[in-house]
Amino acid sequence: MSENTSDVIVIGGGTGGYSTALRAAHLGLGVTLVERDVIGGTCLHRGCIPSKAMLHAAELVDGVAEARERWGVKATLDGVDWAALTATRDGIVARNHRGVEEQLARAGVRVVHGSAELTGPRSVRVSGAEPGVLRARRGLVLATGSRPRTLPGLEPDGRTVVTSDDALFAPGLPHSVLVLGGGAIGVEYASFHRSMGAEVTLVEAAERLLPLEDEDVSRHLTRALKKRGITVLTGARLLDAQTGESGKGSESDRGGRGGRGGRGGRETVTATVRSARGGEATYTVERLLVAVGRVPVTDGLGLAAAGLATDARGHLAPADWSRLETAAGGVHVVGDLLPPPSLGLAHASFAEGLSAAETLAGRASRPVDYTAVPRVTYSGPQTASVGLTEAEARAAAGPGGEVSVNLMPLTATAKGMVHGRGGMVKAVAEPGEQGRVLGVHMVGPHVSELISESQLTVAWDASPGDVARHIHAHPTLSEAVGELHLTLAGRGLHQHT
Ligand SMILES: Cc1cc2nc3c(=O)[nH]c(=O)nc-3n(C[C@H](O)[C@H](O)[C@H](O)COP(=O)(O)OP(=O)(O)OC[C@H]3O[C@@H](n4cnc5c(N)ncnc54)[C@H](O)[C@@H]3O)c2cc1C
Ligand SMILES: NC(=O)c1ccc[n+]([C@@H]2O[C@H](COP(=O)([O-])OP(=O)(O)OC[C@H]3O[C@@H](n4cnc5c(N)ncnc54)[C@H](O)[C@@H]3O)[C@@H](O)[C@H]2O)c1
């Protein structure tokens with residue numbers, strides 16, 4: 001069993017942990033990073049990257065129909081080779097994985113493979129591949145992330161009842177899917193499977209999809225998903241789910257790598273759902289994807305040895321958010337382990353990693369500005385937003401307070417018409433040309449890229465007048481963002497009121 005002392009120990013090599021380790025090493029600290037699975041964590045291996053690769057392929061599939069139906073391009077779709085799709089996806093993940101490992105090695109970070117358990121606020125015991133005892137001179141950073149939340153009585157079996165992890169490594173594409181949960185994962189997977197030709201039912205317990213987003217985002221997204229043939233049930237409850245076998249054919253018919261050992265029928269799950277109006281309906285599908293949130297991972301971490309405990313939802317809250325430092329001085333926390341206002345997003349965890357590393361290196365701490373973190377859903381259509389929703393802005397303004405709101409359809413611009421996929425941009429601001437823009441919300445093609453202008457607008461407390469002063473290229477979708485602010489500044493050109 002080896003013993004090692006470094007300036008900083010980071011536990012968990014996902015986006016939160018490896019960004020902390022890299023930045024701390026770049027600042028001259030000796031860093032040990034402990035990872036029990038693979039460097040890159042959820043985002044790289046089971047989250048952001050593989051899912052966005054698949055959604056890119058889905059967009060290409062949808063493009064074939066658009067090319068044929070709108071543009072007279074005589075294109076037909078022969079089918080999707082799931083094995084080829086996943087090979088390309090996995091190649092992208094592998095390349096990124098190698099890249100991160102190389103960056104850590106170049107920075108001089110010592111990577112230890114194994115499971116870490118705290119034995120005190122500055123000491124860790126590692127079990128598994130490389131057992132040993134680690135000590136930290138300056139501090140520890142906990143970055144152990146999260147795993148899919150499951151529901152009692154609906155345990156995933158990895159085949160018919162699956163999590164987002166299982167969906168990546170399934171043997172093929174299903175003909176029918178019921179997605180439980182209309183947050184980012186549910187909406188993205190519902191969209192992906194619909195593009196791949198499946199019958200899709202999306203069941204959300206709250207009154208609307210993406211319930212934390214602006215109501216107009218939920219409304220436009222829901223309308224678009226329904227138009228694509230997805231059955232969207234909001235305010236709905238799953239009452240029961242029974243697995244069984246029915247019909248003919250198997251997933252291998254849809255590009256699978258091997259089917260189910262020669263069995264004739266296909267495994268199904270029959271779900272009973274109560275709608276918002278109280279009616280009950282059953283859906284027999286090949287796959288039920290459970291996407292009802294994620295829970296922090298702290299099992300076996302030994303938090304008590306450092307005098308720490310999680311909150312009721314399993315998160316570990318810092319005592320000082322500006323330093324991301326817990327009540328056990330020197331023990332910092334980043335990523336999905338954090339409660340709100342952190343956001344469970346990879347780019348938030350990168351920022352937290354930078355901040356924690358700089359604090360540990362003795363630099364003036366740079367707190368993460370959570371109000372200006374962009375939120376994107378990569379479905380078809382995409383959604384993107386930053387800052388306050390209209391309801392949040394109105395609540396913040398109080399009873400006598402005023403809020404200016406402007407919403408513009410993307411098809412009000414020439415480029416939006418070329419795309420022909422609807423969508424909208426919406427801004428929420430304090431009144432007047434010089435009031436601050438408080439939030440910007442978008443639905444439509446490419447809005448994941450369009451949001452970066454608005455994140456600067458919100459982060460820099462810019463006004464509609466500040467944005468309106470800048471000329472947006474014609475013809476682009478970004479013109480809609482320009483026009484949105486021109487109108488709020490009282491200078492609307494095409495959207496004159
Ligand atoms: C399907 C899906 C799609 C997503 N898409 C996006 C997206 O498009 N954009 C976005 O911003 N976010 C997305 N996310 C969220 C994003 O993946 C997470 O916010 C991010 O991965 C959190 O990083 P983390 O470092 O906190 O945790 P993780 O990435 O979960 O990493 C934690 C690491 O700690 C290791 N670990 C845990 N316990 C121990 C221990 N005791 N000892 C040693 N190692 C340990 C784990 O093995 C793991 O590698 C998505 C998530 C999912 C599931
Ligand atoms: N594009 C992205 O940035 C992206 C993509 C995927 C995941 N993520 C992140 O990963 C995390 C997990 O995503 P998620 O979508 O699983 O979680 P989430 O918390 O965002 O959404 C879960 C949804 O499930 C609903 N729900 C909960 N229990 C339910 C039930 N019993 N029946 C029906 N609906 C129920 C909730 O109301 C909520 O809308 C989030 O932090 C998310 O931001 C981000």
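Ligand 2 lies between domain 1 (2-47 + 85-146 + 294-371) and domain 2 (161-290), because both give residues to the shell around it. The domain assignment of the chain also gives domain 3 (381-488). These bounds come from an automatic or database domain assignment. The centres of domain 1 and domain 2, taken over C-alpha atoms, are 33 Å apart.

This is a predicted model: local features need pLDDT of at least 70, side-chain atom pairs count only at pLDDT 80 or more, and totals for chains, interfaces and linings use all residues. Residues are numbered from 1 along each chain as its sequence is written, while chains are lettered from A and ligands numbered from 1 in the order in which they are written.

## The shell

The shell around ligand 2 holds 24 residues. A residue is near a molecule or strand if its C-beta atom, placed from the backbone, lies within 6 Å of it. Gly181, Gly183, Ala184, Ile185 and Gly344 come nearest. Helix H6 (184-195), strand E10 (199-204) and strand E18 (375-377) each give two or more residues. H6 has the largest share, with four residues. Helices (H or I, at least four residues) and strands (E, at least two) are DSSP runs, numbered from the N terminus.

By class, the shell has 14 nonpolar, seven polar and three charged residues. Here Ala, Val, Leu, Ile, Met, Phe, Trp, Tyr, Cys and Pro count as nonpolar, Asp, Glu, Lys and Arg as charged, and the others, Gly among them, as polar.

## The annotated site

An unreviewed UniProt entry places the feature "binding site" at Gly181, Gly182, Gly183, Ala184, Ile185, Gly186, Val187, Glu188, Glu204 and Gly293. These residues span 113 residues in sequence, yet no two of their C-alpha atoms are more than 13.4 Å apart, so they gather at one spot. UniProt positions are given in the numbering used here, feature names are shortened, and annotations may be inferred rather than shown by experiment.

## Gly182 and Gly183

Gly182 sits in the loop between strand E9 (176-180) and H6. Gly183 is in the loop between E9 and H6. Gly182 counts as buried, with 28 C-beta neighbours inside 10 Å. Gly183 counts as buried with 20. A residue is buried if 20 or more other C-beta atoms lie within 10 Å of its own, exposed if 12 or fewer, and partly exposed in between; C-beta atoms are placed from the backbone.

Leaving out residues up to four places away in sequence, Gly182 touches Val187, Leu202, Glu204, Leu209, Leu210 and Thr234. On the same terms, Gly183 touches Leu210, Ala291 and Gly293. Contact means C-beta atoms, placed from the backbone, within 7 Å.

## Ser191 in H6

Ser191 lies in helix H6. Ser191 is buried, with 28 C-beta neighbours inside 10 Å. Beyond four places in sequence, Ser191 touches Ala58, Leu225, Ser379 and Gly380. Leu225 is 34 residues away along the chain, but the two C-alpha atoms are separated by 7.4 Å.

## Helix H8

Helix H8 (residues 346-360) has 15 residues. From first C-alpha to last, H8 reaches 21 Å, close to the 21 Å expected at 1.5 Å a residue. The expected span is 1.5 Å times one less than the number of residues. Just after H8, Gly362 takes a positive phi of about 85°.

H8 is mostly covered, with twelve of its 15 residues buried. Among them are Phe350, Glu352 and Leu360. The buried residues of H8 pack against strand E1 (2-11), helix H1 (15-26), helix H2 (41-45), helix H3 (48-71), strand E6 (132-142) and strand E17 (331-333).

Notes
Two residues are in contact if their C-beta atoms, placed from the backbone, lie within 7 Å.
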